[in-house]
Amino acid sequence: MTSERLIIQILQVSRILTPKTGLPTPITRGCGLKIISYERISSTNTKAKTLAEKQAADWTVVTSEVQTQGRGRSGRSWKSPKGGLWFSLIIRPRIHVDRISLLQFLFANALRKGIEEVYGVQSEVKWPNDLVVEWKKLAGILIETKLSGPELVYAIVGIGLNVNLTAEQLPTGATSIFLVKKKRFSLEKTLGSMLTVLERHYETLRDESAVVDEWWKHCAHRMKPVIIETGNSRIPGKCVGVNPDGSIIIQTEQGNVTVPDGTLRLDA
Ligand code: BTN
């Protein structure tokens with residue numbers, strides 16, 4: 001059974017962000033930030049989606065101490081015991097569908113910066129939208145969207161950050177803030193600080209090339225040999241770039257190949 005624990009309302013001034021390049025309409029940002037916290041819930045993304053369908057405001061945040069059916073990319077499950085930050089944002093930027101992929105870079109950038117400012121941990125971004133420390137996964141982002149024709153109705157940005165998890169609680173190949181810093185952090189306080197950083201970064205959505213450049217600058221596999229695994233293929237080559245549409249560019253013996261989606265690993 002799920003139990004709603006508390007609702008915090010943080011009021012903020014509303015703003016209209018006018019895009020610098022190419023976006024058809026202004027990106028409007030909501031006038032409030034409402035955090036809905038649960039002790040236990042199936043998935044904050046699923047709950048956020050239900051709320052978004054009921055017209056929940058821009059920047060409504062759903063968080064839970066535990067997720068019983070946390071979801072990851074490509075239908076994978078996401079282990080979510082007590083000790084992590086598991087939360088989802090409802091955002092309603094007025095952007096064209098071809099700009100949606102920019103959100104994955106934007107939130108990866110924002111999360112990287114937040115992790116640095118709030119916890120003092122340096123991490124790198126890994127395609128498509130993971131945060132890693134020495135190639136171990138520290139955080140993941142799952143973005144789900146609803147479209148109406150060429151327009152985005154809302155996006156749910158689900159963020160899973162391994163904060164106080166011990167080695168025994170983590171899946172293979174993952175790490176946590178606790179393992180890196182050897183200390184535990186208050187989840188409630190750091191969620192507030194993290195949201196402040198995410199909100200600040202959200203404004204960079206106006207500038208497509210700055211978002212992509214920032215991501216590339218902090219990419220763990222920039223110009224490195226990698227293998228991209230997609231449903232039925234395996235593409236080895238050097239990672240030479242990413243595109244604003246979210247795809248990755250791999251230099252292979254046959255020339256450059258652009259891959260829209262997949263799982264990346266280092267080709268050791
Ligand atoms: C991934 O790397 O596969 C993405 C993981 C995203 C996990 C977060 S935890 C909060 C939100 N709720 C979910 O069910 N998933 C996301």
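A: Happy to! One idea first: a polar contact is a pair of N or O atoms within 3.5 Å. Keep in mind, too, that this is a predicted model.

Q: Which polar backbone atom lies 2.7 Å from an oxygen atom of the ligand?
A: That backbone atom belongs to Arg 73. Side chains take part as well: an N or O atom in the side chain of Gln 67 is 2.8 Å from a nitrogen atom of the ligand. For Thr 44, a polar side-chain atom is found 3.1 Å from a ligand nitrogen. As for cover, the ligand taken alone exposes 420 Å², and the protein buries 98% of that.

Q: How many residues surround the ligand, and which are the closest?
A: For this we use a distance: a residue is near a molecule if one of its heavy atoms lies within 4 Å of it. Here 19 residues surround the ligand, and the closest are Ser 43, Gln 67, Arg 71, Arg 73 and Lys 137. By type, the shell divides into five nonpolar, ten polar and four charged residues. The space that the ligand takes is the largest pocket.

Q: Which element gives the largest share of the shell around the ligand?
A: That is E9, with four residues. Strand E9 covers 136-148, and it is one of the elements that each supply at least two shell residues; the others are helix H1 (44-53), strand E6 (85-91) and strand E10 (151-161).

Q: Let us return to Arg 73. Is Arg 73 buried or exposed?
A: The cut-off to remember is that buried means under 20% relative accessible area. Arg 73 has 17%, so this residue is buried. You will find Arg 73 in the loop between strand E5 (60-67) and E6. Sequence distance and spatial distance can be read side by side here: Arg 73 and Glu 144 are 71 residues apart along the chain, while their C-alpha atoms are separated by 9.7 Å.

Q: What should I look for in the backbone angles?
A: Start from the general rule: most residues other than glycine have a negative phi, and most peptide bonds are trans. Ser 74 is not a glycine, yet has a positive phi of about 55 degrees. Ser 74 sits in the loop between E5 and E6 and is exposed, with a relative accessible area of 57%. Lys 182 also has a positive phi, near 60 degrees. The loop between H3 and helix H4 (187-202) holds Lys 182, which counts as exposed at 65% relative accessibility.

Q: Where is a cis peptide bond found?
A: Look at Trp 127 and Pro 128: a cis peptide bond joins them, with omega about 0 degrees. Pro 128 lies in the loop between strand E7 (124-126) and strand E8 (130-133).

Q: What does the side chain of Asn 164 reach?
A: The side chain of Asn 164 reaches the backbone oxygen of Phe 185, at 2.8 Å. Asn 164 belongs to the loop between E10 and helix H3 (177-181). With 10% relative accessibility, Asn 164 counts as buried.

Methods
Residues numbered from 1 in each chain as written. Predicted model: local features only at pLDDT ≥ 70, side-chain atom pairs only at ≥ 80, totals over all residues. Heavy atoms only, no water. Polar contact = N/O pair within 3.5 Å; in protein donor to acceptor, adjacent residues only side chain to side chain. Areas by Shrake-Rupley, 256 points an atom, 1.4 Å probe, with all protein chains shown as cover. 1 Å grid on protein atoms, 1.4 Å probe; cavity = no way out; pocket = protein on both sides within 12 Å on 5 of 7 lines; lining within 4 Å. Sits in = over half its atoms within 2 Å of the grid points. Nonpolar A, V, L, I, M, F, W, Y, C, P; charged D, E, K, R; others polar. Buried < 20%, exposed > 50% of the residue type's maximum accessible area, 1.4 Å probe, protein only.
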